[in-house]
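Thanks for making the time. Please have a look at the model on the screen before I start.

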Amino acid sequence: MNKYAQTTLKAKRNYKENYSILESYERAAKEFFTTKSPQEKGCPKGTFLGLCETGLVRGIPKGNYTKSVKNKEYALKAVEILKQHKHKNITPKELWLALDLGDKRSNSQMDVVLALWENDLII
């Protein structure tokens, strides 16, 4: 499990401690990354917040959490793929390829989706 997946799971746990979901993610990112660039990396953050925004993350209400359109779109499509095929043991790379986005490169989005999926946090 990469650090973005770990950050996602920690952010979900922190939310229960009365931080906003954005603040929870930012705090968790600082625990796993020592430099600003990965702490603020938009793709995994937008993926997580996009799933939260739609109410798909267990225990987090629908809301307005991100402006990331593409990462949210990738996450929602990935969840549909996982639900349709009841995937077990799929890698982030395999899930990214299943999105069929051509030459578009992954940027840890599927690590985030799979961390939530594998921990039964996707509704």
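First, the ground rules. This is a predicted model, so local features need pLDDT of at least 70 and side-chain atom pairs count only at pLDDT 80 or more, while totals for chains, interfaces and linings use all residues. Residues are numbered from 1 along each chain as its sequence is written, and side-chain values use heavy atoms, with hydrogens and water left out.

Let me begin with helix packing. Two packed helices are described by the angle between their axes and the distance between the axes. Helices here are DSSP runs of H or I with at least four residues, numbered from the N terminus. Axes are lines fitted to C-alpha atoms over the stretch in contact, with angles from 0 to 180 degrees between N-to-C directions.

Take helix α4, residues 42-53, and helix α7, residues 109-118: their axes come within 8 Å and cross at roughly 40°. α4 and α7 are therefore oblique to each other; angles under 35 degrees would count as roughly parallel, over 145 as roughly antiparallel, 65 to 115 as roughly perpendicular, and the rest are oblique. The crossing of α4 and α7 is right-handed, meaning that the near helix is turned clockwise from the far one by less than a right angle. On the α4 side, the contact is made by Cys-43, Pro-44, Thr-47, Phe-48 and Leu-51, and on the α7 side by Gln-109, Val-112, Val-113 and Leu-116. Contact means heavy atoms within 4.5 Å. What kinds of residues make up the contact of α4 with α7? They divide into seven nonpolar, two polar and no charged. For that count, Ala, Val, Leu, Ile, Met, Phe, Trp, Tyr, Cys and Pro are nonpolar, Asp, Glu, Lys and Arg are charged, and the others, Gly among them, are polar.

α7 also packs with helix α1, residues 3-15, at an angle of about 45° and with the axes 8 Å apart. This pair is therefore oblique too, and the crossing of α1 and α7 is right-handed. Tyr-4, Ala-5, Thr-8 and Leu-9 of α1 meet Asp-111, Val-112, Ala-115 and Leu-116 of α7. The residues of this contact divide into six nonpolar, one polar and one charged.

Next, aromatic rings. Rings of Phe, Tyr and Trp (its six-membered ring) pair if their centres lie within 6.5 Å; planes under 30 degrees apart are stacked, over 60 edge-to-face, and the rest tilted. That rule gives three aromatic pairs. One of them is Tyr-74 with Trp-96: the ring centres are 5.4 Å apart and the planes stand at 85°, so the pair is edge-to-face. Tyr-74 lies in helix α5 (residues 69-85) and Trp-96 in helix α6 (residues 92-98), so the pair ties together parts 22 residues apart in sequence. Both Tyr-74 and Trp-96 are buried (under 20% relative accessible area; over 50% is exposed and in between is partly exposed, with a 1.4 Å probe and protein chains only).

Last, some single residues. Ser-24, in helix α2 (residues 21-32), is buried, with a relative accessible area of 0%. Thr-34 is exposed, at 79%.

Ser-108 sits in the loop between α6 and α7 and counts as buried at 13% relative accessibility. Asp-120 is in the segment after α7 and counts as exposed at 52%.

Key. Helices (H or I, at least four residues) and strands (E, at least two) are DSSP runs, numbered from the N terminus.
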